[in-house]
Number of protein chains: 2
Amino acid sequence: MSSDTREKILQAAFAALSRDGYENVSIKDIAEEAGVAQGLVHYHFKSKQQLVLAVLFEVCKKMDVYTAEGTEGAMAAFENFKVLLRTRPDAHTLYIQLIGVGLHDKEIGAGIRENIRTERAHVEDLARQVLAEREADPTPARAIASAVWAGVLGIMVQKMVDPEFDADEAVDALAAMSLSAVSSTNSGA
Amino acid sequence: MSSDTREKILQAAFAALSRDGYENVSIKDIAEEAGVAQGLVHYHFKSKQQLVLAVLFEVCKKMDVYTAEGTEGAMAAFENFKVLLRTRPDAHTLYIQLIGVGLHDKEIGAGIRENIRTERAHVEDLARQVLAEREADPTPARAIASAVWAGVLGIMVQKMVDPEFDADEAVDALAAMSLSAVSSTNSGA
DNA sequence: GTTATGTGATTGAATGACCAACCAAGATTG
DNA sequence: CAATCTTGGTTGGTCATTCAATCACATAAC
């Protein structure tokens with residue numbers, strides 16, 4: 001069955017890519033890991049890049065972190081993120097890796113850019129809700145989301161680069177920082 | 001002269017790597033860009049990885065952001081970072097790229113890990129100074145530094161991936177968040 | 001002052017391996 | 001029987017690394 005092999009290839013690609021890295025994994029490796037012939041990969045995916053992007057989107061779908069709304073939802077999202085950092089290092093490794101690759105690969109770059117924009121928009125929604133709950137000016141929501149999502153990305157990076165990094169501590173600090181920021185009706189410098 | 005060619009190779013490598021990316025640049029490319037013979041690169045650098053790490057360290061030396069101490073120094077560092085985001089996208093591109101590569105390359109990974117730890121330690125120093133100025137508990141300095149440095153990394157990532165990203169806005173938000181965090185004598189959840 | 005000798009710098013070709021993408025032909029399915 | 005799926009070999013190119021040979025130049029010997 002076609003969609004079955006497609007799935008097998010996607011799974012094998014994810015496993016191989018997160019284990020060995022984009023540049024160390026060949027189409028042949030992926031085909032072998034999936035137990036199919038080499039040519040099949042290019043039958044189902046136009047190029048290595050398209051395959052990798054398909055893997056990325058597949059993985060992202062399974063890692064949604066926004067389970068609730070408002071302040072509660074924000075706090076839940078941070079908690080969910082902490083769990084994901086523990087349970088899905090493979091997905092995060094792939095993600096960070098592709099960010100790097102995307103800087104010089106148009107196709108992958110476009111996919112990553114779109115993904116990052118979407119994620120940031122989710123955070124912005126949440127920030128807007130939190131600000132609304134406190135009847136605060138919603139204007140800085142975009143800036144706050146940029147900084148918070150940056151923190152999330154950066155924590156991911158540090159955790160993947162350095163297993164000894166205390167990610168829980170960092171997420172808690174980021175959560176505290178972001179919530180104390182929306183609390184203070186600030187007249188910043 | 002020997003140290004001269006070494007320098008030429010380093011500069012050519014930086015130019016080529018930041019322009020085309022690690023996996024798209026061969027030793028031969030770098031040698032051509034430097035105007036030297038292919039073999040010379042391996043005469044001066046044991047491997048491609050060692051060359052790349054030498055480039056990274058060289059670049060980092062020229063990008064110090066910590067020009068002052070205490071709260072003033074922290075604010076200055078954020079401002080310096082905003083300038084660097086505008087003026088040295090090439091260096092940041094290389095940096096983020098190498099983070100990705102380092103996830104599956106032992107040598108480069110070790111270099112990057114060391115670098116990230118050092119940077120985070122600098123931020124922690126600064127955080128400790130800020131907390132001391134306000135006579136606050138210095139215990140959370142490490143966590144704050146983790147989150148702040150994460151924010152810096154994440155802003156870098158977003159800016160490099162997406163030229164339309166408003167980095168200034170994000171840095172300002174991060175600065176406000178981090179300073180408001182150390183102000184509030186928080187009893188966080 | 002001129003010939004030997006040593007040393008590091010430099011060269012470019014060779015090695016051995018790898019890869020993405022393509023393709024022609026066989027298998028399976030509806 | 002077509003359309004879709006699958007196979008594995010081929011193509012035309014890439015790469016990091018090694019290496020024997022050459023070079024510039026200095027120090028020392030005669």
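This is a predicted model: local features need pLDDT of at least 70, side-chain atom pairs count only at pLDDT 80 or more; totals for chains, interfaces and linings use all residues.

Reader: What does the C-alpha trace of chain A span along its principal axes?

Author: About 60 × 30 × 30 Å. Chain A has 189 residues, and 45% of them count as buried. Now look at contacts in chain A with a separation of 6 or more: 60% of them are between residues 24 or more positions apart.

Reader: How do I describe two helices that pack together?

Author: The general idea is to give two things: the angle between their axes and the distance between the axes. As for handedness, α4(A) passes α7(A) in a right-handed crossing.

Reader: Which residues of α4(A) and α7(A) make the contact?

Author: From α4(A), find Gln49(A), Gln50(A), Val52(A), Leu53(A), Leu56(A) and Cys60(A). From α7(A), find Glu107(A), Ile108(A), Gly111(A) and Asn115(A). Sorted by class, this contact of α4(A) with α7(A) has 5 nonpolar, 4 polar and 1 charged residues.

Reader: And how many residues does each chain give to the contact between chain A and chain B?

Author: Chain A gives 48 residues and chain B gives 48 residues. On the side of chain A that touches chain B, the elements giving two or more residues are α6 (89-102), α7, α8 (141-161) and α9 (167-183) of chain A. The largest share, 15 residues, comes from α8(A). By class, that side of chain A has 24 nonpolar, 16 polar and 8 charged residues.

Reader: What rotation superposes chain A on chain B?

Author: One of 180°, with 0.0 Å of shift along its axis, and the RMSD is 0.1 Å. That is the relation of a two-fold axis. If you want to find the axis on screen, go to Gly151(A): of the residues of chain A, its C-alpha comes closest to the rotation axis, at 2.0 Å.

Reader: Why do we say the copies meet through the same surface?

Author: Because 100% of the interface residues of chain A are also interface residues in chain B.

Technical notes. Residues are numbered from 1 along each chain as its sequence is written. Chains are lettered from A and ligands numbered from 1 in the order in which they are written. A crossing is left-handed if the near helix is turned anticlockwise from the far one by less than a right angle, and right-handed if clockwise. Helices (H or I, at least four residues) and strands (E, at least two) are DSSP runs, numbered from the N terminus. Two residues are in contact if their C-beta atoms, placed from the backbone, lie within 7 Å. Ala, Val, Leu, Ile, Met, Phe, Trp, Tyr, Cys and Pro count as nonpolar, Asp, Glu, Lys and Arg as charged, and the others, Gly among them, as polar. A residue is buried if 20 or more other C-beta atoms lie within 10 Å of its own, exposed if 12 or fewer, and partly exposed in between; C-beta atoms are placed from the backbone. Copies are superposed by least squares on the C-alpha atoms of residues with pLDDT of at least 70 in both.
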